[in-house]
Number of protein chains: 2
Amino acid sequence: MVRPGGESMGEFELIRRYFTRPTPKAVLGVGDDCALLPMAAGMQMAVSSDMLVAGRHFFPDVDPRTLGHKALAVNLSDLAACGARPVAFTLALALPDANPAWLQAFSDGLFGLADAHGCELIGGDTTQGPLNICITVFGEVPAGSVQRGSQPDTQAILRSGAQTGDDIYVSGTLGDARLALEAMQGRIQLSAAALASARQRLEQPTPRVALGLALRGIASAAADISDGLLGDLGHILERSARGATVNTELAINLLAMHAYFTGASGKFGNMLSPQLTLQCVLAGGDDYELVFTAPAAQRSAVLAASHSSETPVTRIGQIEAAHGLRLVDGHGAAVANTFTSFDHFAP
Amino acid sequence: MVRPGGESMGEFELIRRYFTRPTPKAVLGVGDDCALLPMAAGMQMAVSSDMLVAGRHFFPDVDPRTLGHKALAVNLSDLAACGARPVAFTLALALPDANPAWLQAFSDGLFGLADAHGCELIGGDTTQGPLNICITVFGEVPAGSVQRGSQPDTQAILRSGAQTGDDIYVSGTLGDARLALEAMQGRIQLSAAALASARQRLEQPTPRVALGLALRGIASAAADISDGLLGDLGHILERSARGATVNTELAINLLAMHAYFTGASGKFGNMLSPQLTLQCVLAGGDDYELVFTAPAAQRSAVLAASHSSETPVTRIGQIEAAHGLRLVDGHGAAVANTFTSFDHFAP
């Protein structure tokens, strides 16, 4: 097809131009039937795959540079939740057409984040079709060295390891991505500065890879927060066969924008109800922070991990033997849980 | 959403019901942030990813059982081309809706082939969107034991290993998938029996995994034929910096349907021109056979590999030092190469 630049670009030229880079970690990268990854003795391969669809996971007119970043970030976030070190990824891409400007910006955003994590693009697929981005990411994690009952033989942090009495922590801030979405869809108003800050969180999330690595051997369980805090904490509870109580007063401070709405100026005071604030924080989605648990005896180790990874963490609750997820306010009074996580096939 | 059966099914229920199976090879399968694969010492992980889009790779109304088969088959075919043993795969699936009958048939077709190859579904993603299937497959292959010049340190069969004088072989038959497509789109007519046979090849290709494994240490280069023989042989030539001559008279016999059109009855004699026959065989696409090269000294070893893997192979030409791909007829006379492979972004 002839492009504004007068160029004609086929599938292989597209791959060569935008998606072929040196792969020093791989035995073999892009260009053969398979890529080949070496494996160090005693290591396991952590694998995760996410598919992003236009109109569902991002606006069709989103800046392709941020889209390239986010498509990899959501996958690196899964590695972070397991305490795995990123190694490589594959990219499968369906495109309505081969637009050079779009491809250049997308690949710039993608490789910007990939390079920051030493994560190599080793293969994939491109095809014509409705815009769809599927990345599969590979990380490495040591096999197990200590017996943990019926747990799998690995040093990866699993969802299934939470124990009664463990503290529950969240990294960074929550709810800002949802707040941006609410504003971009016209349901609330934000100042330009607040929107820019929230939108940065929605469009260019920071996967907590360094924190995940630092928490290996310390955290008893972890998950990344993609569907919303309560939903993803719920996965830990289900896999660990435990319950929990979460303090909503502690949680509400996780909203980075919170100060905007409660500050002395009261400038935005009327725009964000307490209920919407909690909705954003507890079930906003698209946060890509970590929710994790650790024994109380590990509190100083958790803080050290937070410090070494330069990632703030906040303790928001406790794992309990009684199943179910209970919310309480700052006085310990029950808060009704009317917050639902995102489900792609919800009724 | 309420389905005919009166059921309501969310994303996690969908995964649990149709895509969660035992994973004895994996340390950890579906249900956590990452899956975990163990790696044996001295092995490498072969990785390939393919994305199938409705309307481009398959008819939107295709039988979902055959679609499940084909989505995995095209990936296993990449492992076969490298001589890698299938271990596991991830599945990312965008669906317009969660239709239980469709999902049951799709997963039946998928797992039917997966089980036949001991290839475990270890993770993935499901989302709402235009039908799109992205599978990433993992195989294992031994690291290198013999030095092969500047070649990567692996026992995998690469595209880059063809040497001047090597024979060129093709497995199985070629062109039947394209013939089915021509018939289904009304450009040619086939008898019901011929169409059923050709359509089987289009919709349920057989990945040549056993042949690929048997050719390790024997073949100098290999690729799977997805875009068409000449195109995929071209990849071998490009990566090996060699040329080739292919005998079209030998190649034309690779069309399994060939007898239908040249038989004594002459029943279909007028329907398939020699040019269309060659187009189907040389550049039909969707064949999922292997094209591979081997030194002449390995002819008996190639036949033994063919025999042990119960996969016919046909010798169709030779690798040459002079770059370019030349076609000759049975008398050695040049045949014009007017056959083009499929390109998803072709002008």
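In this predicted model, chain A is superposed on chain B by a rotation of 180° with 0.0 Å of shift along the axis, at an RMSD of 0.0 Å. That is the relation of a two-fold axis. The residue of chain A that comes closest to the rotation axis is A:Ala41, whose C-alpha is at 2.8 Å.

The contact between the chains takes 65 residues from chain A and 65 residues from chain B. On the side of chain A that touches chain B, at least two residues each come from helix 1 (11-19), helix 2 (64-82), strand 1 (35-38), strand 2 (43-53), strand 3 (85-95), strand 4 (120-128), strand 5 (132-142) and strand 7 (221-225). Strand 2 of chain A gives the largest share, 10 residues. By residue class, this side of chain A holds 36 nonpolar, 17 polar and 12 charged residues. Because 100% of the interface residues of chain A are also interface residues in chain B, the copies meet through the same surface.

| Strands paired | Sense | Bridges | Residues standing opposite |
|---|---|---|---|
| Strand 1 of chain A, strand 2 of chain B | antiparallel | four | A:Ala35 and B:Val47 |
| Strand 2 of chain A, strand 1 of chain B | antiparallel | four | A:Val47 and B:Ala35 |

In chain B, helix 2 (residues 64-82) packs against helix 3 (residues 100-116) at an angle of about 40°, with the axes 6 Å apart. That angle makes helix 2 of chain B oblique to helix 3 of chain B. The crossing of the two helices is right-handed. Residues of helix 2 of chain B in this contact include B:Pro64, B:Leu67 and B:Leu72, and those of helix 3 of chain B include B:Trp102, B:Phe106 and B:Leu113. The residues of this helix contact divide into 11 nonpolar, six polar and two charged.

How values were computed. Residues numbered from 1 in each chain as written. Chains lettered and ligands numbered in written order. Predicted model: local features only at pLDDT ≥ 70, side-chain atom pairs only at ≥ 80, totals over all residues. Least-squares fit on C-alpha atoms with pLDDT ≥ 70 in both. Contact = placed C-beta atoms within 7 Å. Nonpolar A, V, L, I, M, F, W, Y, C, P; charged D, E, K, R; others polar. Pairing = 2+ DSSP bridges. Axes fitted to C-alpha atoms, helices over the stretch in contact; angles between N-to-C directions. Parallel < 35°, antiparallel > 145°, perpendicular 65-115°, else oblique. Left-handed = near helix turned anticlockwise from the far one by under 90°.
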